[in-house]
Number of protein chains: 2
Amino acid sequence: MNRKRKLSHKILYVAYVATSIDGKIAKSGHSGTDWTSKEDWNFFQKSLSQMDAVIVGHNTYNIAKDRLKWRNTIVLTSKVDTPKQSGKIVFFNPEKLNLKKFLQNKNYKKVAVLGGSRVYDFCLCNKMLDKLYMTIEPYVFTSGVSMFLGNKFKKYKFSLQSVKKLNKKGTILLQYKNANSSHKN
Amino acid sequence: MNRKRKLSHKILYVAYVATSIDGKIAKSGHSGTDWTSKEDWNFFQKSLSQMDAVIVGHNTYNIAKDRLKWRNTIVLTSKVDTPKQSGKIVFFNPEKLNLKKFLQNKNYKKVAVLGGSRVYDFCLCNKMLDKLYMTIEPYVFTSGVSMFLGNKFKKYKFSLQSVKKLNKKGTILLQYKNANSSHKN
């Protein structure tokens, strides 16, 4: 009975993205986000504290390793067959096992999706992206890593929930809801 | 004297971009923007009416040909050596002649930059992008043409001038100023 309830609860998946004006999230897959504002960082940390776990890709994990070890972190990777645990970190291959079931069995209610672009795309395609917090920093990069790395043009509909200016130089935070999300939040 | 004055006046270059949440402006170089809202279209047409001329790339010209014939249009192309005029349209190769001088000699004061991504990048690199109006439609495409097509990651600083919600479904219009622009507007 208890197990059944756990399996059927709906997880809220919230993606966080910091981007340039032109939709780039990094210079390359191995570079960090040293160009984001402290106001975004403060929002991000505060909001993350309400989440039960985070999902990241292997590159993002490598960049943020030191900070992620304190969180329940699922690192998506093709390098393992079965989940490999190390402290609070789990290396997980979503091609081999059902990620949603895994998260439900852990009884997580709110899961943060932190990128990079392949992970954002994976979660969007697999209905694991209910909300999107997007911070636009006031730069144009003209080159770099795109926010989502899809291999097919598709029109995913979202609705804008709120707009907030985070500082004077013009960082803004947009909150979107996935129009196809079945989560009530 | 008169000629000297004309050559030295500052042109205001204003770029207009309609984008998805994830920074994509089209499915491919040959596809239009049928996914933009009528509210954005209305803003765009009204704002364009105050401009003296528009700059577009060859793909954008081909898509919007019927509407552009009524405007002073400069089509950037490598296919001509000297400017080729056809009605109000001029095909111009910026590798062969100085585009800024050409526009100044025409005595244009306000020039709109309408894309695509190579033209946005060209204008940004060549200090021909003072203001940026960016409309974000509430979609994620995951794939497609990026807003700017630069070949080198660079941090161009902008400042946010205004944010406006254009409709209920969540289209927003951001107005940025290039932080390195020397134009007073």
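T19(A) stands opposite I136(A), a residue of β8(A). I begin with that pair, and the strands around it will lead us to the interface between the chains.

First, the conventions. Residues are numbered from 1 along each chain as its sequence is written, while chains are lettered from A and ligands numbered from 1 in the order in which they are written. The model is predicted, and local features therefore need pLDDT of at least 70, side-chain atom pairs count only at pLDDT 80 or more, and totals for chains, interfaces and linings use all residues. Helices (H or I, at least four residues) and strands (E, at least two) are DSSP runs, numbered from the N terminus. Two strands are said to pair if DSSP finds at least two bridges between them.

On confidence, the model scores ipTM 0.93 and pTM 0.94. The mean pLDDT of chain A, where pLDDT is the predictor's confidence in each residue from 0 to 100, is 94, and 96% of the residues of chain A reach 70 or more.

Let us return to β8(A). This strand covers residues 131-136 of chain A, and six of its six residues are buried, so β8(A) is largely enclosed by the rest of the structure. A residue is buried if 20 or more other C-beta atoms lie within 10 Å of its own, exposed if 12 or fewer, and partly exposed in between, with C-beta atoms placed from the backbone. In a regular strand the side chains alternate between the two faces of the sheet. In β8(A), K131(A), Y133(A) and T135(A) point one way, and L132(A), M134(A) and I136(A) the other way.

What are the partners of this strand? β1(A), residues 12-19, runs parallel to β8(A) and is joined to it by six bridges; within that pairing, L132(A) is the bridge partner of A15(A). β12(A), residues 172-178, runs antiparallel to β8(A), again over six bridges, and there I136(A) stands opposite I172(A). β1(A) is itself mostly covered, with seven of its eight residues buried. Four bridges also join β1(A) to β7(A), residues 110-113, in the parallel sense, and in β7(A) the bridge partner of A15(A) is V113(A).

Now the whole sheet. It is open and has 10 strands in the order β5(A)-β6(A)-β4(A)-β3(A)-β7(A)-β1(A)-β8(A)-β12(A)-β11(A)-β9(B), with mixed pairing. β5 (84-86) of chain A and β9 of chain B stand at the edges, each with a single partner strand, so one side of each has no neighbour in the sheet. Elsewhere in this sheet, β3(A) and β4(A) run parallel over four bridges, with G57(A) opposite L76(A). Helix α3(A), residues 58-68, lies across β3, β4 and β6 of chain A, at about 135° to β3(A). Such angles run from 0 to 180 degrees between N-to-C directions, and the axes are lines fitted to C-alpha atoms, for helices over the stretch in contact.

As for the interface as a whole, 36 residues of chain B are in contact with 36 residues of chain A, contact being C-beta atoms, placed from the backbone, that lie within 7 Å. α5 (117-125), β9 (139-140), β11 (156-165) and β12 (172-178) of chain B each supply at least two residues of the side that touches chain A. β11(B) gives the most, with six residues. By class, that side of chain B has 17 nonpolar, 10 polar and nine charged residues. Here Ala, Val, Leu, Ile, Met, Phe, Trp, Tyr, Cys and Pro count as nonpolar, Asp, Glu, Lys and Arg as charged, and the others, Gly among them, as polar.

Finally, the symmetry. Chain B can be laid on chain A with an RMSD of 0.0 Å by a turn of 180° and a shift of 0.0 Å along the axis, which is the relation of a two-fold axis. The copies are superposed by least squares on the C-alpha atoms of residues with pLDDT of at least 70 in both. Both copies use the same surface, as 100% of the contact residues of chain B recur in chain A. Among the residues of chain B, G23(B) comes closest to the rotation axis, its C-alpha lying at 2.1 Å.

Conventions. Contact = placed C-beta atoms within 7 Å.
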